[in-house]
Amino acid sequence: MTNTNEFPKKYSPKDFEWEVYKNWEEQGKFKPTKSRTWENFYIPIPPPNVTWILHLWHAIMLALEDIMTRYHRMKGDSTIWIPGTDHAWISTQAKVEEKLAKKWISKHDIWRDAFLKEAWDWKEEHANIITNQFKKMWASCDWTKERFTLDEELNKRVKKAFVDLYNKWLIYKWEYMVNYSPKLQTVVSDQEVVYKEEKWKLYYITYFVDWSDNEIVVATTRPETMLWDVAVAVHPKDKRYKKILKSWKKLILPILNKPIPLIGDEMVDMEFWTWAVKITPAHDANDFEVAKRHSLPLTEIVIDRNGIMTEKAGIFAGIDFISARQNVVELLKSKWNLYKIEDYTNRVGYCERSWCRIETIISKQWFVKIEPIVEKVIAGYKNKDFEIIPKRFNKIFEDWIFNLKDWCISRQLWWWHQIPVFYHKTTGEILVTEEDLSKNPDYVQDPDVLDTWFSSALWPFSILDYNMWGKEQPDMVKQFYPASVLETGHDIIFFWVIRMLLFWYEFTNQTPFKKIYFHWLVRDKIGRKMSKSLWNWIDPLDMIEKYWTDSLRLALTIWNTPWNDLKFDEANVENNMLFMNKLWNACRFVHANLWDEISKIWNDFTKLEKTIIDNYDSLLISEKWILSRVKYLTDLVTNSMEDYNFAESWQELQSFTKNEFCDYYIEEFKLTKNSSKYGNYVIVYVINILIKLWHPYIPFITEELHNKLWFKDSLIDSPWPKLWIKRDEEVEKEKQVIIDLIKEIRKIRAENNVIPSNTIKVQIYVRSKNLVTITDSLDIISWIVKSEETIIVDKKPKDINLAYSVIKAWIEVYVDTSNALDMDKEIERIKLSIDDTKEYIAILDKKLLNENFVRKAPSELIRQEMEKKEQAKQKLEKLEEKLKNLS
């Protein structure tokens, strides 16, 4: 058969990557098919914000989820990866407000409905950007199932969830201490507050005891809040205050001259500051809890949400809190109530999303009651309903799940799911319903929206159209729920993962996913967190433009220790390009030399394998070895895929491809192809398996190579290799000796600057062990290392000019490079090495002659330094002798 399938000489991914992806999508390759294994695999994508530009965090997420999906698709599972985007509540609202501000318009100028229309217009304008980025970054999602968190069907389920939880008494509205972002004008969660250390002042204020000469000094960083102190607290076991506590005497609140109680509470740290704490419930979360325990007034606020003093601040009302602080301090001084002022480093909370300072305020908000729900999750966790990968995150999960507090779910925004609660305008009656009563003139809807994580908690099954109104479920739910795995970053264990578990144990009495896979975070190459402010932010699309898709995804998923944070280095992406060029050339060699053989057997892999097994005894040792190695590799990669340990096997997969298959086996095949009856079958068999094993990691080049070699089928849905070949570890051990020998000889060539086209002479000193193997392999050794003469010797050569290396205790190799060197370069190299060695000896001499070092350093360290000097002197002698001989 004539070879009509052109195979380009150069690996050029720009010529095929996008075309390969379009073909997959157009042919429906991303849709689930009938399972060949009676198993299903479903993974929901963590929906990124619709307004965002993808970064390397998303790239890692997409690469790992794509690896999982492609493996299970090839394995034969009915596989679906459902994509989607999040409405990006704060980000989108901020973008729309910025857009309006350019027209000198505030959101309050156009009212809520008009603002939401602007937000939807923004979403429609930007929605396709993120989807196209997904596609450029390799995601083999079923795009026919793409969802958006504000889709009408998802919105219905959000309302249903709220109503059901409310009817179960699991949602309530209550006044409580919350974090408030003045810039966003909304409540935010504790986890959305970041703390920065700042230089503040610590003010020591004297509170006099009523009808007594006694006084108590209280330290505070915010003296302006004392205007509505309701008490001063001390530890009940603190002997310094026992008499005053028992006397029930009041303290006099400075400036206002108002009596307030002294209370005993174990919240007070007896070793901290002045051992006494002022209690201002409306402005501190700890004070709020203390006040509740002692039935003190809770809700009197002296600073409003915008940092302005309220009417409760008396003469300070209407000014900002900074000015009020200065005025309060001056007044305290004048009344002899200010004991002293000190510098103090304070941890100050800032809104993670707007970077304005957080105010802690008392506000009436909607909450989910956690305790009755979390018990079901804890029971499921103990029952191993779901597995956390890697196991070390179990401890972090436990720290969260066993210490959950009620969840504040209301936010004061406009763009999101509005809370389905309606108030009768006349009677004040509360109606919690899924129905839309916004057009009913008698009712007004609660203006708040739900926390973004409320709807996200419904994501894994709401995107399957889970029926929350009846028992009968759609086919998608029956087939795929619960999800096989949830893959996400470990930084949102609390935000998202735990919330999903809470809701779906409550609504379905089962886990929403069988496994939770936490991926690593990506940092720059020196370990810093990536940030635009540090100028180390990397756009993955820029990397793809430069190095293309496969190179980037390989760098993100395998170039690090499993589950440790990844230090991203562009050099690794570039190295991957070189590796894939090697793989391309290996396949091109097979294509060029074995096209007739390939064209006969491409469509019958089973027959090919049977031919090899039936004639195994007739195979050459090298053929048995490569089959044994590929059997081992297939089992290793398959087990790693099943264990979700994708980085564990890549090193051996890459080493096999590069060192064993490309650098060794192909070279031996060139020597033996005319004398081997089944060599063509073996190399075609191995290259077929190798391309399949690599496909989940580097799908584009492997699909293109598959098309070039077996041009009628797609690789993406071809069967995952399951080999019936047996492994022969003895053959592997014997061959490894030859490979190690070749590696060392090549290393000697490189170290001695041997011109690539020049030949060398090799002598191998070997005792009885491995003698036969090496003797039988002299031809292949000579061929690969370019030796004009390779012999086995029974005595070690005495020529000191021979380069040598010890392979094993019983094998040494000696290489004569004298006729193969670029003499001028070699002399220059040795001279530089002599200079470096002399400089090193001088540094050691300086250290050993230093009296302080000799007097203070441990004797063992001094001995080590002297040994280093002696070794360096010996090295110098050899270099100088070698230079003399070459000259």
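In this predicted model, the axes of helix H19 (residues 621-642) and helix H20 (residues 650-672) come within 11 Å and cross at roughly 165 degrees. The axes here are lines fitted to C-alpha atoms over the stretch in contact, with angles from 0 to 180 degrees between N-to-C directions, and helices are DSSP runs of H or I with at least four residues, numbered from the N terminus. That angle makes H19 roughly antiparallel to H20 (over 145 degrees). On the H19 side, the contact (heavy atoms within 4.5 Å) involves residues including Trp625, Ile626, Tyr632 and Leu633, and on the H20 side residues including Phe656, Phe661 and Tyr664.

Phe661 also turns up in the largest nonpolar core, where Leu62, Trp138, Phe661, Ile683 and Ile764 touch the most other members out of 126 residues. Such a core is a set of buried Ala, Val, Leu, Ile, Met, Phe, Trp, Tyr and Cys residues joined through side-chain atoms within 4.5 Å, buried being under 20% relative accessible area (1.4 Å probe, protein chains only). Leaving aside neighbours within four places in sequence, Trp138 is in contact with Leu62, Asp66, Arg70, Ile544 and Phe700, among others. A second, separate core of 85 residues includes Ile171, Ile388, Trp453 and Phe507.

Residues are numbered from 1 along each chain as its sequence is written. Local features need pLDDT of at least 70 and side-chain atom pairs count only at pLDDT 80 or more, totals for chains, interfaces and linings use all residues, and side-chain values use heavy atoms, with hydrogens and water left out.

Notes. Buried means under 20% relative accessible area, exposed over 50%, partly exposed in between (1.4 Å probe, protein chains only). Helices (H or I, at least four residues) and strands (E, at least two) are DSSP runs, numbered from the N terminus. Angles under 35 degrees count as roughly parallel, over 145 as roughly antiparallel, 65 to 115 as roughly perpendicular and the rest as oblique.
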